Amino acid sequence: MITSFLADQALLEDIVRILFVFVLITAAFILSTRNIASLLTVYAVQSFLLTLIAASLYLIEGSEKLLAMAALTLVSKVLLIPLFINVIGEKIKISRDLEFNYLEPTASLLVSMGLIMLSYVFLSGFFDEYVLGKLFFVGAVIGLSLTLMGMLVIFSRKKVMTKVIGYLTMENGVLLFGIFVADLPFVIEILIVIDLMILVLLTTILAIGLDSTKNEYHKRLQTLKIWSGREE
Amino acid sequence: MSLLEALVYGAIIALIFGTILPLLYRSKNTRKASFSLSFFSSILLLAFAGTVLYTGKEPTFPAFGFLPGLNFTMAADRLSAGFILLIAAVVPGVSIYSIEYVEYAKSEARKDIQTVLTNLFILAMLMVVLAGNMVGFLIFWEIMSLSSLMLVLHDYSSEENKKAGIFYFIMTSLSTAFLFMGFISLFRLTGSAEFGHLDYAASILTLPFLCLFIGFGIKAGLVPFHKWLPYAHPAAPSSVSALMSGVMLKVAIYGFLRFLLSVSAPEIWWGVLILIGGSLSAILGVIYAFRESDIKKLLAYSSIENVGIIFTGIGLYLIFKLEGLEGLAMLSLVGASFHAFNHALFKSLLFLCAGSIVHATGTRSIEALGGLIKRMPRTAALFLIGSVSIAGLPPANGFVSELMLFQAYFYSSALQDPLLKVLLIITLSVFALTSALVAALFVKLFGITFLALPRTKCAKEAIEVPQPMLSGEAIPAALCILSGLFSNRILALFGFDFGIPDMLVIGLLLVGVCGFVWLGVRNTGFSKTPRRSKETWGCGILAQHPTMEYSSIGFSEPLIAIFKKIYRPEISSTRTYSDTKECIFKDGTTKIHFPKFFEKYLYLPVAHTVNVISFQVSRMQNGKLGTYVFYVFIAVLTLMTFTRYFA
């Protein structure tokens with residue numbers, strides 16, 4: 001029964017479409033949630049959804065690469081990176097990101113709806129009309145809008161931690177777009193993941209400086225003898 | 001590798017060594033060796049350029065690729081050989097002069113830097129002329145600009161020099177920007193960075209032409225882009241001024257000619273534009289020069305005037321060529337090029353002499369000089385040769401090139417178009433006026449500086465400069481005379497025969513006339529009658545006093561009155577009276593101020609606009625990451641919309 005279930009292409013495609021909706025919901029969460037711990041959870045869930053999408057696509061298309069990609073995403077984005085960020089979060093003791101630049105959560109949700117429409121209109125210019133309902137096209141639209149929404153997160157949220165999650169969301173969008181449209185070599189996928197790891201590591205170092213209060217920052221710099229300027 | 005190529009490589013290597021040596025071993029002897037190397041390289045270049053001009057043989061050089069799609073090639077044809085000859089004629093004098101002159105710099109480090117940069121500057125100018133494509137041209141053009149900028153700023157402690165440096169920097173960057181635009185639009189057109197024939201309609205080439213005209217015009221000092229010259233020249237060391245005025249301006253002219261001669265079908269308005277620009281520069285240059293009392297500023301303005309004359313020749317060339325008068329076109333072109341060569345010689349001579357004067361007296365203001373002919377007789381004689389040449393008196397070289405242009409003008413009655421005829425008559429009269437004013441200008445400069453009594457203590461105590469500097473000045477001076485006397489032989493040697501009068505005959509005639517006059521005066525028996533030594537028209541004055549002499553501004557006064565519309569002098573006076581009804585005059589002062597027309601109405605408004613715009617732009621840069629990502633976001637959205645609907 002399971003095999004027949006797995007062989008039913010139409011059903012699988014419907015499942016992927018449902019997963020797309022879930023991905024969008026996670027993106028909306030990332031745009032509006034103030035609690036950093038839940039942001040992180042949502043990111044992990046989003047990555048897990050991507051894993052599921054890649055796995056379902058493997059079942060539809062049968063390409064080994066997709067399976068490998070699913071595994072890679074599972075290991076790096078669902079497990080390792082959230083773990084890292086969690087460690088940082090505990091170290092710097094900042095659990096909330098309350099302030100917003102330019103856009104309040106409601107407004108950014110409205111803007112992101114506009115972004116999805118813009119992505120659809122933009123991409124429809126490159127393809128013939130009959131593909132507009134096809135799975136890969138919808139995937140590309142979702143991927144592109146996810147990238148743009150990640151960018152929205154980067155500039156509308158204040159704390160570095162949130163910005164990093166915005167960046168990671170962008171990368172998820174690129175991954176989604178890559179799965180459906182551009183056929184990226186697997187090596188590049190691996191390299192992107194390694195880049196992400198390094199980014200998170202660097203953030204660890206920088207965030208400790210930036211996301212602390214000003215006095216603490218000065219104190220830390222002075223104990224490290226990096227800078228001994230006058231006190232303001 | 002043939003001999004020709006070996007000569008070029010030898011010269012380049014010598015200059016590279018000259019640039020590097022003073023950095024490795026810092027001593028006076030190294031500096032000497034460095035300048036000797038540049039002297040040596042110019043001898044090699046002289047042989048090279050002479051051979052190419054004489055035989056018309058074009059050497060080939062291998063290309064150096066340094067980036068995919070970009071390679072640097074060298075090439076030399078008769079045009080570049082002509083300008084290499086010019087470099088090779090100026091550099092020997094400057095090198096020998098600099099051996100002594102560089103030692104007057106304030107510190108050891110500055111001496112070394114000046115030596116290094118001078119060699120680099122010469123090398124860069126040479127490579128610009130040798131460049132076979134746009135890539136090399138622009139790279140060495142920038143090196144040339146930057147090394148000369150450093151030299152202008154060599155005495156960076158003075159506020160005035162800093163201002164000059166910044167002014168020069170902005171103008172030269174502007175020039176490079178325009179050149180880039182011009183070259184890029186040419187590149188888009190041809191798809192190749194090589195200099196080659198441009199077989200396109202003139203309407204397509206309008207943009208490159210205008211960009212290159214402005215770009216090269218700024219560097220050459222064409223009015224209204226000339227303002228950097230009178231600032232940069234006084235700030236730079238005199239040997240560098242000699243190179244900048246003598247060679248660098250000509251390199252710009254070379255670049256412009258290189259473009260213009262490769263266009264197969266120019267349009268008549270190009271020629272008219274160049275001719276008008278040239279005439280305007282010529283006349284305004286000399287008129288502004290009259291106002292100056294600073295010897296180096298005056299010479300700088302005179303360079304603007306000469307560049308104007310050269311551009312006039314180029315404009316005439318285009319007009320005659322398009323009207324089918326090939327012979328006259330060639331005459332104008334060779335006249336312009338020959339004038340460029342001559343100007344390089346006498347202007348470098350004059351700048352070197354000015355350097356000697358400034359060194360000996362410590363001032364650049366000629367109002368403070370006077371009577372230097374007794375204290376610095378050799379410098380005075382050399383300066384006189386330069387003045388005679390630049391004033392266009394026979395038998396010196398300035399006469400010949402100006403004569404060629406005059407001849408081209410005179411024969412222009414063969415033109416059909418009446419409007420062009422009128423234009424040429426107007427510009428001819430401007431040119432004639434310019435020539436006359438230049439003669440008056442140098443009468444003033446020589447007279448105020450060298451004749452009569454010293455006006456100040458510094459002029460009274462001046463002593464002649466050392467021999468190396470004099471020898472350095474003597475080389476261009478000798479070349480001025482020789483290239484004048486043998487002008488038609490030199491031109492015939494290079495294959496140009498325009499029926500110019502044989503200057504050697506005229507020179508001998510002049511010498512003969514002078515000899516006869518001298519003999520005649522001597523034989524009247526002057527020496528035999530007893531002499532009475534008295535002040536002529538003494539009128540009871542006990543002794544001559546410097547305050548009775550013409551001052552520089554006094555000499556210019558009649559001209560200032562004539563050209564009042566151009567100078568727009570602002571006269572302000574204050575008076576005090578002895579009585580309350582203001583009848584009995586007690587005391588007063590009057591000030592004549594010359595407004596800086598172009599600065600006030602062109603440069604400052606432009607600078608102000610740029611300032612306002614950059615302030616608005618700088619507000620966008622607030623140092624916040626979020627804002628920058630926001631910009632990127634907006635840019636991405638705009639691009640997406642644009643590509644969807646418009647592309």
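## Confidence in the model

pLDDT is the predictor's confidence in each residue, on a scale from 0 to 100. The structure above is a predicted model, so let's begin with that score. Chain A has an average pLDDT of 80, and 81% of its residues reach at least 70.

Among the elements of chain A, helix α3 (residues 36-61) has the highest mean pLDDT, at 90, while helix α9 (residues 214-223) has the lowest, at 58. In residues 224-232 of chain A the pLDDT is below 50, and this stretch makes three contacts in the model beyond near neighbours in sequence. Where pLDDT is low, the predicted coordinates should not be read in detail.

## How α5 and α6 cross

Now to a pair of helices in chain A. The axes of α5(A) (residues 105-124) and α6(A) (residues 135-156) come within 9 Å of each other and cross at roughly 140°. An angle over 145 degrees would count as roughly antiparallel; α5(A) and α6(A) are therefore oblique to each other. The crossing of α5(A) past α6(A) is right-handed.

Which residues in α5(A) meet α6(A)? They are Ser108(A), Val111(A), Ser112(A), Leu115(A), Ile116(A), Ser119(A), Tyr120(A) and Leu123(A). Their partners in α6(A) include Phe137(A), Ala140(A), Leu144(A), Leu148(A) and Ser156(A). By class, the contact of α5(A) with α6(A) has twelve nonpolar and five polar residues, with no charged ones.

## Where chain B touches chain A

Chain B contributes seven residues that are in contact with ten residues of chain A. On the chain B side, five of the touching residues are nonpolar, one is polar and one is charged.

Conventions:
Residues are numbered from 1 along each chain as its sequence is written. Chains are lettered from A and ligands numbered from 1 in the order in which they are written. This is a predicted model: local features need pLDDT of at least 70, side-chain atom pairs count only at pLDDT 80 or more; totals for chains, interfaces and linings use all residues. Axes are lines fitted to C-alpha atoms, for helices over the stretch in contact, and angles run from 0 to 180 degrees between N-to-C directions. Helices (H or I, at least four residues) and strands (E, at least two) are DSSP runs, numbered from the N terminus. Angles under 35 degrees count as roughly parallel, over 145 as roughly antiparallel, 65 to 115 as roughly perpendicular and the rest as oblique. A crossing is left-handed if the near helix is turned anticlockwise from the far one by less than a right angle, and right-handed if clockwise. Two residues are in contact if their C-beta atoms, placed from the backbone, lie within 7 Å. Ala, Val, Leu, Ile, Met, Phe, Trp, Tyr, Cys and Pro count as nonpolar, Asp, Glu, Lys and Arg as charged, and the others, Gly among them, as polar.
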